[in-house]
Structure formats: C-alpha cells, structure tokens
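Please open the model in your viewer and keep the sequence panel beside it.

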Amino acid sequence: MSIRPTIDCVVHPWPGASEDIREFLPARWDGQPIPRIGRYFYPPSIPEWTPIGDDDTRPATSSPELLAESWDASIGTDGAILVPLTRGLIPEPDLGPAVCRATNEWLRAKWLDHPALRDRVAGAVRIDPEDAAAAVAELDRVAGDPRFVTVAVPLQGREPYGSRRYLPVWQKAAELGFTVTIVADGGCGINQFPTMAGYCDHYVEYNSLLPWTAAMVHLASFVGGGVFESIPGLRVVFLDGGADVVFPFMWRMDKPWRGVRYQVPWIEKHPTEYLVDHVRFCVQRAEGAALPAASLTSLATELTVYGSRFPHWDAITPEEASAGLDADAAENLLSGAADFYGGRFARWAAELSARPGLPVR
Amino acid sequence: MSAPAGPRVEHFDCGPLADLEDGGMTLVDGPDGSVGLFRRGDTVYALRNWCPHNGAPVCLGPVTGTNVTKGGHEVEHVRDGEILRCPWHKWEFELATGMSITQPVRKVHSYRVVIENDRVYLVIRRLRKRKNVDTTHD
C-alpha cells in the first residue's frame, strides 16, 4: 500500500516583530501604526500562543528557522499549510487589502522560499473579502505561484459570507482551484460581537462560543444564499472547528426547509446534503483527543480534516487527533485532506514525500 | 374456487358533482378518513386530508403557485392553482398527484376519481389481505 503524506492544514507562521510586513506595505502607510495580529478581545490566562521557551515568550513559530528546528516535535506531519494572520476586520477600506497583499509577499519571501521549509510547506493566500474587487485581483495576482494552495479569510465578516457581495470572490477562488478556508483572526478592535446576545465576560465563554457559532452563521448564509448552487466547485473549510455541532445545527435548517423554500427556491435539497461536497471542519481540541468516539458522530468525522493550529495554546497533535480512530479513519484524517481540497492543494500534496512511520499509527 | 388475483376494486360514493363548489375544496368522510375533493370544472382531485409530514389536515391549506429558480437568484412564480400548501409547516404538494414538489418525494395519499351519472366516486383498490388502516390520526 502506498503511503500518502500526512498534512497539517493549519500552522500559523508568526512575524518576528509585529511590523514585519511593513517592508511589503506601500509607503502611504508609513508612520501609521499597524495593529498587532492574533489579538481578540479575550486573552486566556495562559499564553495564548505557545512560547518558544521559558526564556523567550515569543510564539514558537516566530521564525522559519524555529519552525524548521521544532518541526518533528511540534508539527510532525510531512507537510503543512502556513496560514498567516492578518488582523481580521480592518476598518480602513484600502488598508485591509494592502495588509493581505503585504502578508502574502511576506509569507512568500520569508517562509515559502526558505530552504529549510520549502519542500514541506505551502501557503494560504490572504484576501480581504470586504473589498471583492481587490480580493479577486489579489487571487489573480498570486495564482501563478503554485505554493499558494488555499485562500484564507477572517472568521468574522462585515456580513455573513453567503451575502451576494462576496460571490465574485468565492467564484474566483473556485475558478482558480483554491479552497476557501475561514480562520479566527482579529486584532483591530472592530470585530463583531463574540456572541449573538452581546459581549461575554470571560475567555472560556468566548472560546467555547465564537468559533462554531460564527461558522454556523456563515454556513447558513452559504446555503441560504444559494452559494453552493451558484458555484458548484466551491469548497469551504472552517479552520476553527464545528464538526461536533454542525449536524444538530443543520437539522434545524433541514426541518423547516420544505416549508420555507418558497422564498429561496435555489435551495434544491435539504441543507445537510450540501455538506459532503462543499464543507469541512478542522479538528479542534474541544472535539479533541476523544475524536470521534465521544464527541463526533461517524458522519461528522467524515467532514473533518486535520490541522494543528500550532502555535495556538490548544493546538492538537496528529497523535491526539487520531486517537481512538481505526486505522483507515486515522489515515483519512491525517492524509486525506487533498481529496476534498482538490485543485492546487492536491497538486502540491502529490509532490510531498511521505515519511514512513510518522505519526499515523 | 380460489379468489381472483390482484386487488379488489371498490367505488366509494361521494355524492353529486353539483354539490361540490367549483374551484373550492369540499371535505367528505372517505373510506379511510377525511378526504378533500377539489373540483375544477369537470375534474375532481381527491386527496386524503392527512399530511405525510406530521399528519396535518393538509386539504385545509391554500391552493397556490410556487416559486422556482430559473438559474441562480432569478426566480419565477409558476403553477398558480396547482400547488396545495399544508397549513401547518407549509410543505408544498401537487394538487393533481399529492406528490411533494421537494425531494425526496413525500406523497399525500390520492384517490383516482370517476364521475358517473353526475356522481363522484373514489376508486378504492384494496389488497386482498389488507391490514386495517389506523384512522385515529385523521
């Protein structure tokens, strides 16, 4: 049996300094502070990002060399998708696309080209979907570089992502063979409410509510807006999880569908039926080590891809994520993402070399 | 002598055609519970008054058209007068067949109707070894 490479779908490369992307930003923003990445309203009481060590509190992926040196211990897979953060919603309309473009150039120059990493990493191209024209232009701009294999957009949009104004962005992504990934990303202070009912008080509330509720809002919007019907090739991955709650949620969409489809006749099947062709979720520690026996149904396991989210504090290792799975399911979780992502991701994954003995067991 | 093969066919008498309001719906007590008779000129559609979804009195719902996509978000209103909408959860069924317009198809039980000597009959096809139908939910 041939061995497929194991792939970590989410690793966050960290800028060594907050303003690392400055050199890639146009001069018109010289002198204007750029918000820091990775800062939502709610910090946990432990370091949110795994530090390099006791003596160095910078996040553990603060340089390509650090990531390469600690790869076997911290990542462990044959390949990884580097998903840089961009501060989420940025208020200044031109700055959002500019930060995304600068981040892409930073990723390409510092990480994707790095001799210690380039044979095992690929990148997520960051776009700001709030400016659809700029996002489409950025996708066209980077499309010639096969090392960009997915698209990443913030978990919070100014509107849910099924809104029609985002359609050209998803259309272009699908056309170019990019899977759209949605990742928790903030830092500018104009994030949406973390819950539908208002601000919560503590990290534990924020962390257990925001990621999946926001994912479900986008999912409902994609279905309700007919996006999956309009763009049959669109594939979406929620990098902050939600497989554990998606079926109860979708059940609530399935139940009234036959009665309310009159308003949305482009929905031509039960909403749940869109999942298998269009949607995946990254594993999460909340769904974590007991996956799938305790928290995921077998159907939900089929909608799951592996991504560590390293160096986030609750990053999950391949061993933890596959614990309790039978051999086929574990292999599919750690090596099967390309089957869903397809397109550019699959072409990149096909070139990766698998190292026998790592970590599927 | 053994019984003839195939279902046994009965005609259930629903009364004079003239008693049915043209364009309206008339409920009658049918052989297996309440039946809605929808007269449209010389045609009568007969549907069991029981929604296959949750057992609602489906025939009490409005008869309307429906909306379909002409591709993407372009919507057309079609089939006016052909769609029966359940009063409880608004499922849509074809008046003429009882079939849901959504997949997978769920069907309101329908009866073939014959009109003889200006009287309306439901055609009832009984299996020889027919189990009793529980009509308590009607």
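Across all chains, the count of salt bridges comes to 25. The model is a predicted one, and the stops below begin with several of these pairs.

**Stop 1: a pair between two loops.** Select A:Arg28 and A:Asp94, which form a salt bridge whose closest N and O atoms are 3.5 Å apart. A:Arg28 belongs to the loop between β1 and β2 (51–53) of chain A, and A:Asp94 to the loop between β4 and α3 (95–112) of chain A, so the pair ties together parts that are 66 residues apart in sequence. A:Arg28 is exposed, at a relative accessible area of 53%, whereas A:Asp94 is partly exposed, at 39%.

**Stop 2: a second pair in chain A.** Next, select A:Arg165 and A:Glu159; in this salt bridge the closest N and O atoms lie 2.9 Å apart. A:Arg165 is partly exposed, with a relative accessible area of 32%. A:Glu159 is likewise partly exposed, with a relative accessibility of 33%.

**Stop 3: a pair in chain B.** Move to B:Glu82 and B:Arg79, whose side chains meet in a salt bridge of 3.0 Å, N to O. B:Glu82 counts as partly exposed at 37% relative accessibility, and B:Arg79 counts as partly exposed at 32%.

**Stop 4: a network.** Return to chain A and select A:Glu105, A:Arg108, A:Asp113, A:Glu138, A:Arg141, A:Asp145 and A:Arg147 together. These residues are linked in a network of salt bridges.

**Stop 5: helix α14.** Which residues of helix α14 (residues 343–351) of chain A are buried? They are A:Arg344, A:Phe345, A:Trp348 and A:Ala349. Because these residues cover an arc of only 130° around the axis, they are on the same side of α14(A).

Now display what surrounds the buried residues of α14(A). They pack against the strands β1 (7–11), β4 (79–82), β5 (121–126) and β6 (148–154) of chain A, and against the helices α4 (132–142) and α13 (337–341) of chain A.

**Stop 6: a nonpolar patch.** Finally, show the surface and select A:Phe41, A:Phe193 and A:Tyr199. They form a nonpolar patch on the surface, with about 330 Å² of accessible area together. A:Phe193 is partly exposed, its relative accessible area being 46%.

Note on methods:
Residues are numbered from 1 along each chain as its sequence is written. Chains are lettered from A and ligands numbered from 1 in the order in which they are written. This is a predicted model: local features need pLDDT of at least 70, side-chain atom pairs count only at pLDDT 80 or more; totals for chains, interfaces and linings use all residues. Side-chain values use heavy atoms; hydrogens and water are left out. Buried means under 20% relative accessible area, exposed over 50%, partly exposed in between (1.4 Å probe, protein chains only). Helices (H or I, at least four residues) and strands (E, at least two) are DSSP runs, numbered from the N terminus. The arc is that of the directions from the helix axis to the C-beta atoms. Contact means heavy atoms within 4.5 Å. Patches are made of residues with over 30% relative accessible area and no salt bridge: like charges are joined within 9 Å, nonpolar side chains (Val, Leu, Ile, Met, Phe, Trp, Tyr) within 5 Å. Accessible areas come from the Shrake-Rupley method with a 1.4 Å probe; for residues, only the protein chains shown count as cover. A salt bridge is a side-chain nitrogen of Lys or Arg within 4 Å of a carboxyl oxygen of Asp or Glu.
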